[in-house]
Amino acid sequence: MVPPPPDTSTTFTAREHARAQGTRRVDHQPTVPAADAVGVADEAGVPVATERMLWDDKIGPGGDSSRVLPRGAALRLTDVDGDACANLLVYNAAQPQERLNVADTVKVQWQAYLGAGSLLLSDMGRVLLSITGDTCGTHDALCGASNQLRNSRKYGNGGVHSAYPNARDRFAVALAKHGLGRRDIVPNVNFFKGVRVEPDGALTFVGDGSQPGATVELRAELPVIVVIANTPHVLDPRPTYDVGPLRITAWTDAPTTRDDARWHAAPEGERAFLQTEEFVLTLDGGSPSGTSP
Amino acid sequence: MNGESVLHDEVVEARAPWSHVVEPGCTLRIVDLEGNQAVDCILYNADDTAERYSAPDTIVAQGNVFLVAGSELLSNEGRPMMTITATSCERHDTIGGACSRESNALRYGFHTRHEHACVDNFLLAHSGRGMGKRDMTSNINWFMNVPVEADGTLGIVDGISSPGLTVDLRAHMRVLAVISNCPQINNPCNAFNPTPIRVVISR
């Protein structure tokens with residue numbers, strides 16, 4: 001038996017009908033407030049106090065989420081079922097014309113592959129995010145994001161309204177909410193799906209490096225706008241639009257300081273941290289070691 | 001390029017920026033006059049500059065990080081902008097990015113912070129066209145050599161170009177080509193000696 005349609009014939013019954021939906025829960029949705037997230041522990045395994053929670057969201061295939069995070073925030077990406085692909089862009093929230101530069105990221109650090117210890121560098125020679133932990137090991141800083149044309153050819157559609165959203169348009173929508181637009185979409189990084197460069201320059205997709213529950217731990221070294229889509233990697237050979245859910249969790253913590261080994265791990269990185277610190281000193285309430293602004 | 005009509009022919013000074021629109025069907029030739037001169041290059045759809053060259057789309061479509069004869073240069077919307085119809089240099093780079101004063105400081109030290117760099121050239125070229133920093137994106141480095149080792153180590157090493165080598169690019173749309181004749185002196189991309197290039201547009 002098909003249930004009878006709800007009575008939405010008047011404003012009063014329509015309001016009642018709308019409000020009755022508020023307690024529904026679905027697989028892919030944010031926890032609001034984030035403090036209600038259950039069982040979040042930091043990298044050391046210490047439970048995160050509820051008042052430090054900033055963000056807890058789970059995005060399904062083709063979804064996106066974005067947030068402004070304070071300097072020092074810890075950001076965890078979790079590959080829930082072992083098949084997520086986190087397409088990530090990041091901007092300096094204090095001056096968004098400063099943004100991720102993947103070419104500088106790989107060139108300055110003399111390393112094409114991202115992992116624990118990698119710094120995601122801006123085009124102004126500063127650290128936007130540092131990768132503090134990684135239980136997956138296969139990521140990608142070279143292959144970028146899908147677009148409408150590519151997904152239309154591969155899946156039959158690519159619009160964000162379709163079952164096969166492309167990452168580029170997801171970025172465009174998310175960025176617009178932060179006052180940014182298509183001109184601001186630069187090459188992104190992808191977490192949980194990797195690529196390797198062969199001696200002849202050929203690109204080899206590495207799609208089996210992750211497992212359920214794998215995490216990437218990041219640290220905001222500046223106040224940042226983080227934009228994340230969860231769409232299939234552009235080199236994923238599967239003909240179907242396969243991508244697993246992605247959980248995003250963030251809480252307040254402290255930025256990398258001179259006391260951390262990561263600060264001194266490489267001369268290029270140390271200078272990047274110094275240039276980051278130089279910028280922070282000019283922010284309102286900025287302090288090189290503090291957790292504000 | 002016999003039998004073709006030359007629309008524009010110019011020598012770009014060492015360390016200088018250059019930009020020009022290349023109409024569909026026209027060919028832009030870049031000549032490495034003295035050898036081992038990196039030529040940083042960004043392409044824009046001249047009618048909608050939000051559409052621009054995309055290194056990721058280009059290398060994914062051809063399954064290889066090196067640009068060679070036949071490589072199709074794709075936009076961020078996945079559309080062909082130009083094709084490398086011929087080149088006498090074995091390969092070109094598109095993952096090494098453009099040097100900037102800010103990244104030079106990281107790579108070589110703070111003493112390089114006031115040296116001229118490609119990003120400043122691009123920003124200067126953009127400033128005359130109502131464009132700016134938001135228009136900075138991935139680029140091509142003609143005649144530059146960036147190998148990637150098995151462990152992921154990558155870097156700019158000695159060039160594989162020589163005097164007189166060329167690359168020919170045929171436009172598939174109205175392309176605004178913006179070039180920085182790279183001023184870098186801290187790595188071998190210009191053999192530590194930036195030199196002039198020649199740019200020729202023909203139909």
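Reader: Which residues does B:Leu43 touch, not counting residues up to four places away in sequence?

Author: Two residues are in contact if their C-beta atoms, placed from the backbone, lie within 7 Å. In this predicted model, B:Leu43 touches B:Arg52, B:Tyr53, B:Leu73, B:Met81, B:Met82, B:Val175 and B:Ala177, leaving aside residues up to four places away in sequence. Residues are numbered from 1 along each chain as its sequence is written, with chains lettered from A and ligands numbered from 1 in the order in which they are written.

Reader: Which residues touch the most other members of the largest nonpolar core?

Author: In soluble globular proteins, nonpolar side chains tend to be buried together. A nonpolar core is a set of buried Ala, Val, Leu, Ile, Met, Phe, Trp, Tyr and Cys residues joined through C-beta atoms within 7 Å. Here the largest has 132 residues, and A:Val90, A:Phe171, A:Val224 and B:Leu43 touch the most other members. Strand E11 (residues 224–230) of chain A gives the most to this core, with 6 residues. Strands (E, at least two residues) and helices (H or I, at least four) are DSSP runs, numbered from the N terminus.

Reader: Why is H2(B) described as largely enclosed?

Author: A residue is buried if 20 or more other C-beta atoms lie within 10 Å of its own, exposed if 12 or fewer, and partly exposed in between, with C-beta atoms placed from the backbone. H2(B) is largely enclosed by the rest of the structure because 6 of its 8 residues are buried. Its cover includes H2 and H5 of chain A.

Definitions and conventions
This is a predicted model: local features need pLDDT of at least 70, side-chain atom pairs count only at pLDDT 80 or more; totals for chains, interfaces and linings use all residues.
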